[in-house]
Amino acid sequence: MQSQSASQFQLVEPSELTYQHSDTARDEVFDADGNPKPHWDKLLGSLKTMGPRAFNDRITKARRILRDDGATYNIYSNKASPSHTWGLDLVPSLISSEEWAQIEAGLLERAELFNLMLRDLYGPRDLIRQRVIPPEALFCHQGFLRACQGIQVPGEHELILHAVDLMRGEDGEMCVLTDRTQSPSGAGYALENRTVMSRVLPSLFRNSQVHRLASFFQQMRAKLTSLSPNQDQPRVVVLTPGAHNETYFEHAYFANYLGFHLVQSGDLVVRNGYVWMKALDGLSRVDVILRRVDDLFCDPVELRSDSQLGVANLLEVARAGRVVIANPLGSGLLENPIFLKYLPEISKELLGRELRLKSVENWWCGDPKDLQYVLAHLDSLVIKPIFRAPGRTSVYGGTLTKEELGELRQRILQRPMQYVAQPSLEAGLLPSYCHQQLAPRPSILRSFAVAGSGSYTVMPGGLTRVGVEESSFVISNQVGSQSKDTWIISSEPMDPAYQTDISDAAAPTRDADLISLPSRVVENLFWMGRYAERAEASLRLLRTVFMMLNGEEPISRACQRQLLETVTSVTATRPGFLNASEELIANPDEQLLRVVEDADLSGSVRSNLNAMLYCADESKELLSSDTLRVINDVRDALSELEASLSGGLAAAPEEALDPLVTALMALSGLAHESMVRDFGWRFMDIGRRLERSLQTTNIINNLVVPEAAPADQHILLESLLLSVEGLISYRRRYRARIGVQSTLDLVMMDTTNPRSLLHQLERLHQHIDKLPRAPEARHELSPEERTILQAETQVKLSLLTELNAREDGQRTQLQQTLANVSQALGGLSELISDKYFNHRETSRQLVSNSNWENN
Amino acid sequence: MRYRVKHITEYLYSDSVSHCYNLAHMIPRSSLRQTCLHSDVKISPMAAHSSRREDYFGNQAYHFEIQRPHKKLVITATSDVETQEQSASVDLDLGITCAEAREQLAQSTRPDLLLSKEFILDSSMIRVNDELRDFATPSFEDDRPLLSATMELTRRIFKEFTYCPESTTIATPLADVLKNRKGVCQDFAHLQIGCLRALGFPAKYVSGYLETLPPPGKEKLVGADASHAWLSVYSPTEGWFEFDPTNNCLASEQHIITAWGRDFYDVTPLKGVIFGGGESPVLNVSVDVARV
C-alpha cells in the first residue's frame, strides 16, 4: 500500500513544498488579505526550497530518533500493540512573540486565579458564602475530595503545575478549552519534540529566533526541590502508574531530565508517619512527589480503596506536611468545567478584574435556564460530563441520530448537574505535512505553567496537536492525532542569555543516589539480564540443533531424540520432546517452530524476549540511548522472525535466528562496555551470569551425562561446543577428534574461556563480594557468599577422569556435580531476591514464567 | 447525661497480617448538644504511628499504622461524653412549613444555608430516585410544619419496615431496602435521608451509640449496647434536628454522636488496608455505654 502510493506520487511529485490556504479566516498562517503573516515567512520559504524529497529524509531521521529515545504513547484501546512511536509532524506551529506576550500574560493570570480557587475551595469556601458560585457547582463534582481539606503546600502557591488547552477561535483570538490541574501531561513530549526538531532541522531552528524551553524546566526542578519540608538534600521522586500508562515515556523522560527517581506505587511505603522509597540499601526518605497518578488513586485508605497505584496513608502524611505532593491531592477539582461558566465572576471576586484570556462558552445543565437552552440546541452543542472518567466522553450532538439524541436528553434530565455543554468550535488551521504536501489541519495548543517565587513561569511554546483530517472534531493522541513543536518566534535576534541550550540544563549528578536505586528497578535489571541470556542460550542451542538435523551427515534416531530432548529441557517447554512418540521425533519441525516463536508457550524464545522487553521498559530511565536503540533492534528482529520463518524450517532456519542472536550479543556487549558500573549494572550482570551458568549446566547434563555410541557421542559433543561457542577454541587447541574430558575441561573448568561454567561462577563471586550489606563485626560469610563458594569449589575440585567415569550408562559423578552446582545457583537466586528485591505482598509476579523456577 | 462509652473492635485473621494502615471514626465529636470530655484509643498490637485530626465534617478521625506481624487486631476506644436533649423536642408542630422551607432554600443567601445544600445532593451510598420521592411525598404536605412531616416519615418507616439484623450488609442498595421493607438502623437512616433529599431537604447521616436500659429488675449486661445510626435534617430557620427511624423518635440524651457525614461511607468506623491476613477475617464488636 505504502509503496504503491509512493510511486503514484512520484509521477506528480512537486519539487517544492508550498502551502495553499483553503479557509483564510481560520488559517493561522494568513492575514485577512490572504498574505502569509511575517513570522511565517522564513519557515514557508525554507520548506519551499527543501521540497518533499529532502523533507521526507528529515522525517525518516526524526522517526529514528524518536524511536531510539523510546518516545511512545500507549493507546489503551489497542491491546495487541498498545505502544506507538510518538507522532511528530515536522512543520512547527509558529506564534509571534508579540502575540505570545499577550497569551502568556493571560496564562499567568489564569494560573494565579486557579491557585486562589484551590485555596478557597479547600479552605473557607468564600466563593460559596459570597454567592459567586452556587454550592452545587462545587459539591456535585466527584473531584472535590473532602479528605483533601487541610493540605498545606510550602511557598506562595498551592497549585504547582497548571496546563491549559487553547484553541484559536473564529475571531482569531486564543480561547481556553480546558484546564489540567492534577497531573498535567505533555510537557515532556514538548521537550522531546523540541530536541528532535533542533536535530533534524538544525539550521532552520537556529535561524528562526525561537524562544528556548530549558529555563522552564529549570524552574520546575527548582520549584519541586524547594517544596521539600526537609532542607537538607531533599529527595524528589516522580510517581508513575507504571509502564502501561499512556504517557509512561514522559514519566521516565522527566525523571531522567530533572534528575529525580522514577518510582511506582510499590516502591514507596509509609512508615512512622513518613514516606520512604524502598531502595537497595534500605529505606530512603522521600520529601517531594511529582505525581502522575490521578487524585482518586493515590491512597487506598482514604480515596479509592481498590487502587493499586497509590500508597497507603499517603494522604495523612501529606496533610501532616511531612511530604509534599505536586500537584496537591484534590487539585483535580479545578478541572470541573462548571467553573468556566462562573469564571468571570470568580476572577472579579478573587483577582479584582476579569480574565484577559477568555474561555469557551459554557452552559451548565444544573442551572435551569442553561438546561432549557441546552435541550433546545442539543444537536448543535458538545455535551461534556463534568468529571473525566473512562467511558464518560464528550459527544457532539450534531453527529447523533434522533434516537441517540433522545437517549442523551434522558441521561441529562436524570442527572442534569453532571453535564455541561459547549459550542462546537472550528479550530484554527495549521499547515501539516501529509501525503507529500502541506495541508491545513485543525490544531489545539497545550500550554504549561509552573509556580515560581512570586509568580508562575509559562513554557515559551507548548505541545501543539493537530487533527487527523481537516474536518477532525476530536483532537487527542488517543485517536492518533499528530503533535507539533511550538515555536515562539522573536522578531529580533535572541538575547544570548536566553540561548541556553537544552543540554546545559541536563540533570545534576546523582552519584550519591547511585546506591539508592529503587529496588524494583534493580530487580528488573536482574531479570532483564536473565531473560536476555536465557533467550540467547535457547537461540544458540536451537541453531545448533537445526544445523545437526539438516547436516550433510545423517544422524541416528537416538541422537536426534537426545538433541530434541535437550531443547525441551533447556527451554523448559515440557512436555515437548520428552518421552515423545517416534513420529514426533522424526518430524520435529512444528514443535521446534513453537519453541522459537509461540508467544503463548512459556519458555519459548519469543516469550523470553517479551519478558526481557517488559523488564527493559520498567527500567527505561536507567538505560542509555544506545541501549534503547539496541533494544529496538531486538524488537525489530523479533517482529521479522515471523516473516522469515513463514516458509517453515525447510531452508536454513538457523539463518533466520541470526539477526536475533546478533542483536542480543550487541545488547550484552553494550552493557559490558557502556553501562556505568553501578549497582544496576552489577545486578544485570549477576542475572546474566547466573542464567548462563544454569543453562550451561543443563546442556552438559543433557548431552554428556548419558553414555552414547561413539559416532553419536561425537555429534553430541560437537553440539555442546557449538551451543556454548566453544567449537573453534576447541579445534584450535586440540586439533583432534572431540573427546569428553577435553570438552568438559573447556566448557566447565577453563577460566580463560569466557563462556565456561567456572568463569561465570568466579564473576558471580566477585559481584557478590561487592554488594551493599550491613556492617558486620563477625567474620563468618553471608549465606550468598557461602553458596557461591560452594558452587565454585565444587567445580574447582572436580577431576576430569572422575567426571568421565561411567556407571550403568551414566556419568554419575558428572551428574552429581552438575546437580550440586545447579542447586546452589537456584539457592543463590532466591537469597539475592529475598535480600535485595522489593516484595509486594499483594502484588502479582513481575512476569509470569514460573515453570522456569521449578526447573 | 454523662456517659462513659467503651467501644471494642476486634479483628481475627486466618493468616498473619504483616502491616496495616487504618482510619477510625470512633471518637465522639462535639456538637451543640454534646461535649466529648475525654477520649482515649488503645491499639493492640501497638501502633508504629498514630495521629488524630478533625476531618472535613468536623469529626474526629484517628489514623494508625501497625508495622509488626499480627493475627489479631484490637481497638479499644474509651470516651467520656456529656449529652443533652435536642431543643426542638418540645413541639414539632411549630416552626416553618414544608413550602416555606423549600422557598427559603431556594431564595436565601445565608452562608449556613448555602453550605447545607451539600446534604441535598447524591452521595456515594444514597442516590435519589422517583420511588423514594413517591414514598416520602404523602408526609410532606405544603402547609405542614417540616419537622412534624419529618417525624411522620420517621414513624412510617418505623411502622412499615421490619428491623431485621440479618437482612442486609453494609452495601444494601436503597432500592432493595425499599422493596423488601426490612433492614437495620443504617438502612433506615439512609432511606429517610434519601426521602428527604428527594424532596429537596438537606439531610445527613449520624453515627453513634444508643444507651439501652435493662428490662425492669435485671442487671444491665456489659457490651450489650450497640453502634447505632440515625439522621439529621436541616430546617432553614431552626437548624439541624436528629430523628431516629429505627426507634420512632427524636434523638434524645441517650443518643451519643460519634460522627456525621453524607452517608455511612463518610464515617465508616474502621477502614484501611492490610497486607496479608488470608481469607474472611472475623469481626467482633462490643459497645458498652455506662452512666457516670
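# Exercises on a two-chain predicted model

Of the 855 residues of chain A, 46% count as buried (20 or more other C-beta atoms within 10 Å of a residue's own, with C-beta atoms placed from the backbone; 12 or fewer is exposed, and in between is partly exposed). This is a predicted model, in which local features need pLDDT of at least 70, side-chain atom pairs count only at pLDDT 80 or more, and totals for chains, interfaces and linings use all residues. Residues are numbered from 1 along each chain as its sequence is written, while chains are lettered from A and ligands numbered from 1 in the order in which they are written.

## Exercise 1

Task: Decide why chain A counts as being as compact as a globular protein of its length.

Solution. Start with the secondary structure: chain A has 28 helices and 22 strands (DSSP runs numbered from the N terminus, helices being H or I of at least four residues and strands E of at least two). Next take the radius of gyration, which is 32 Å for chain A, close to the 29 Å that the globule rule gives for 855 residues, so chain A is as compact as a globular protein of that length. The radius is taken over C-alpha atoms, and the rule is 2.2 Å times the number of residues to the power 0.38. Finally, the C-alpha trace of chain A spans about 95 × 75 × 60 Å along its principal axes.

## Exercise 2

Task: Describe the side of chain A that touches chain B.

Solution. First count the residues: 24 of chain A are in contact with 23 of chain B (C-beta atoms, placed from the backbone, within 7 Å). Then find the elements: α4 (126-129), α5 (135-139), β8 (268-271) and α10 (314-319) of chain A each give two or more residues to this side. The largest share, three residues, comes from α5(A). Last, sort by class: this side of chain A has 10 nonpolar, five polar and nine charged residues. Here Ala, Val, Leu, Ile, Met, Phe, Trp, Tyr, Cys and Pro count as nonpolar, Asp, Glu, Lys and Arg as charged, and the others, Gly among them, as polar.

## Exercise 3

Task: Divide chain B into domains and describe where they touch.

Solution. Chain B splits into domain 1 (2-83 + 268-291) and domain 2 (87-266), with bounds from an automatic or database domain assignment. Taken over C-alpha atoms, the centres of these two domains of chain B are 25 Å apart. The contact joins 19 residues of domain 1 of chain B to 17 residues of domain 2 of chain B. On the domain 1 side, β1 (2-27), β5 (70-83) and β14 (282-291) of chain B give two or more residues, and β14(B) gives the most, with five residues.

## Exercise 4

Task: Show why strand β4 (residues 60-66) of chain B is largely enclosed.

Solution. Seven of the seven residues of β4(B) are buried, so the strand is largely enclosed by the rest of the structure. Now check each face: B:Q60, B:Y62, B:F64 and B:I66 are buried on one side, and B:A61, B:H63 and B:E65 on the other. Then look at the pairing (at least two DSSP bridges between two strands). β1(B) pairs with β4(B) in the antiparallel sense over six bridges, and B:I27 has B:Q60 as its bridge partner. Strand β3 (residues 49-54) of chain B also pairs with β4(B) in the antiparallel sense over six bridges, where B:S50 is partnered by B:F64.

How values were computed:
Two residues are in contact if their C-beta atoms, placed from the backbone, lie within 7 Å.
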